[in-house]
Amino acid sequence: MTDAPRLDRGPRDPAAPLAGSHVLVGVGGGIAAYKAAELVRLLIKAGATVDVAMTARAQQFVGPMTFQALTRRPVFTDLFSLTDEATIGHIQLADRADLVVIAPATANLIARLAAGMADDAVTSTVLATRAPVLLAPAMNVNMWGHPLTAANVQRLVDVAKYNVVGPGDGFLACNWTGPGRLADPKDIVEAAAHVLSAQDLAGTRVLVTAGPTQEALDPARYLGNRSSGKMGVALAAAAQRRGATVTLILGPSAVEPPLGVRVVPVETAAQLGAALDAEVGGADVVIMAAAVADYRPMTVSPTKLKRGALGPEVQLELVANPDLLARLGARRTGGTPLLVGFAAETTDVIANARTKLAAKKCDLIVANDVGEPGAGFGVDTNHVTLVDAAGAHDVPAGPKAQVAHRILDRVVAVLAGKRTPAGSQRGKRVLR
Ligand code: CTP
């Protein structure tokens, strides 16, 4: 039913797939209904026009007025209301939607949807729509664990090709702890973005390295660098949104890794190298966004170095770390995996990037003038130039999430030149 939903409306930019979209949020009757208000706010912030439909029980938890105030649009509450039906009939809502999000999807609502019922404002709209549907379940842990609920969810995934995000694990309003919590609204928004994005990296295994490395001097001190990990984490999130299976090798970073991405935490360049060796075998694409330390202290003191014992001047002896990207480039055969390197430069950016492209045998170098304000280390924006054998291509400055998609556009194009492009695959996707 929803295999080819709304594709007639044209491809969406995966950097902002919700911009200009129509999303219908169906609110079920559970205590998590109040969190749907935050979800609606975030969807609007992401550029969507949001309509809300509520079950009768949902209205006992949150008033329609809340959603009307947030969306500035009438809220659909009663299938048989003459006024509702006159202004926003359920067929009209169903047709207009690019995406339907059910949050919270209660056990009862899931059961009614799985039975194909159309007995209220939410179920009737969902049954009538050709748009993809995203379920965000929330319920008591035992209701979630019940085989009938599991079977109903499976039926919605298998038969109707619905998507599911969550539920999360945690303390529930019913005093139980376990799975049943509504997924975080920001994760529901990311799942919505995923459902609306072309899956042009479906079937592709992407390995991303991100963040700095820390090379220990003693138990208290290390040599590090200014990398925050934001660009690499943005690349991992972007690749996942486009359907890739993503592994993220992440140095010490305060940035939260994306939901659904497998994270391999590392600290030192040596650990990063070992993690790369272990993971590279299964990868179609490797993106080296990590700022790998070029040198490490020759010796690591097992005890804290005391100021008194060191004296007024200290000479540190450093030893070179291997160039991990060059090692990958030298080892690969037949152009697999596709290799993307970064070049952090402060002078002669393009020329240095070209040198790195050849020296490290990469397919693509993302060149970064780390001295430019609003680009490079620590900040949320970036300005890069993509350098490959064909030439240099400037990517407009913007948020790192947006820049990440422009880098992946190039990766998709290079992959397409190497093999048959991965087809668009929608539905049947469970994000947990
Ligand atoms: N890199 C690596 N191993 C290292 C150093 C860097 O794999 N020991 C990778 C980085 O992840 C990045 C690319 O090589 O993708 C370029 O890193 P960069 O720091 O710009 O360049 P370097 O090779 O260290 O050269 P230089 O310091 O002379 O600019």
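Analyst: A polar backbone atom of A290 is found 2.7 Å from an oxygen atom of the ligand. This is a predicted model, in which local features require pLDDT of at least 70 and side-chain atom pairs count only at pLDDT 80 or more, while totals for chains, interfaces and linings use all residues. Numbering starts from 1 along each chain as its sequence is written, and side-chain values use heavy atoms, with hydrogens and water left out.

F342 has a backbone N or O atom 2.8 Å from an oxygen atom of the ligand, whereas D294 contributes a polar side-chain atom at 2.9 Å from a ligand oxygen. A polar contact is a pair of N or O atoms within 3.5 Å; within protein, one must be able to donate a hydrogen and the other to accept it, and residues adjacent in sequence count only if both atoms are side-chain atoms. In total, 15 residues surround the ligand, the closest being M288, A290, L325, F342 and K360; a residue qualifies as near when one of its heavy atoms lies within 4 Å.

The next topic is helix packing. Helices (H or I, at least four residues) and strands (E, at least two) are DSSP runs, numbered from the N terminus. Helix α14 (residues 324–331) and helix α12 (residues 269–279) have axes that come within 11 Å and cross at roughly 25°. At that angle α12 is therefore roughly parallel to α14, the term for angles under 35 degrees, with over 145 roughly antiparallel, 65 to 115 roughly perpendicular and the rest oblique. Axes are lines fitted to C-alpha atoms, for helices over the stretch in contact, and angles run from 0 to 180 degrees between N-to-C directions. The crossing of α12 with α14 is right-handed, that is, the near helix is turned clockwise from the far one by less than a right angle. From α12, the residues A269, L272, G273, L276 and D277 meet L324, R327, L328 and R331 of α14. The contact of α12 with α14 comprises five nonpolar, one polar and three charged residues. Here Ala, Val, Leu, Ile, Met, Phe, Trp, Tyr, Cys and Pro are nonpolar, Asp, Glu, Lys and Arg are charged, and the others, Gly among them, are polar.

R332 belongs to the loop between α14 and β16 (338–345). Its side chain makes a polar contact of 2.7 Å with the side chain of D363. Apart from neighbours within four places in sequence, R332 is in contact with P337, L338, L339, K361, C362 and D363, contact meaning heavy atoms within 4.5 Å.

Backbone details complete the account. The peptide bond from A103 to P104 is cis, with omega near -10°, and P104 is in strand β3 (residues 99–105). Another cis peptide bond runs from G166 to P167, with omega near 5°; P167 is in the loop between β5 (163–165) and β6 (168–171).
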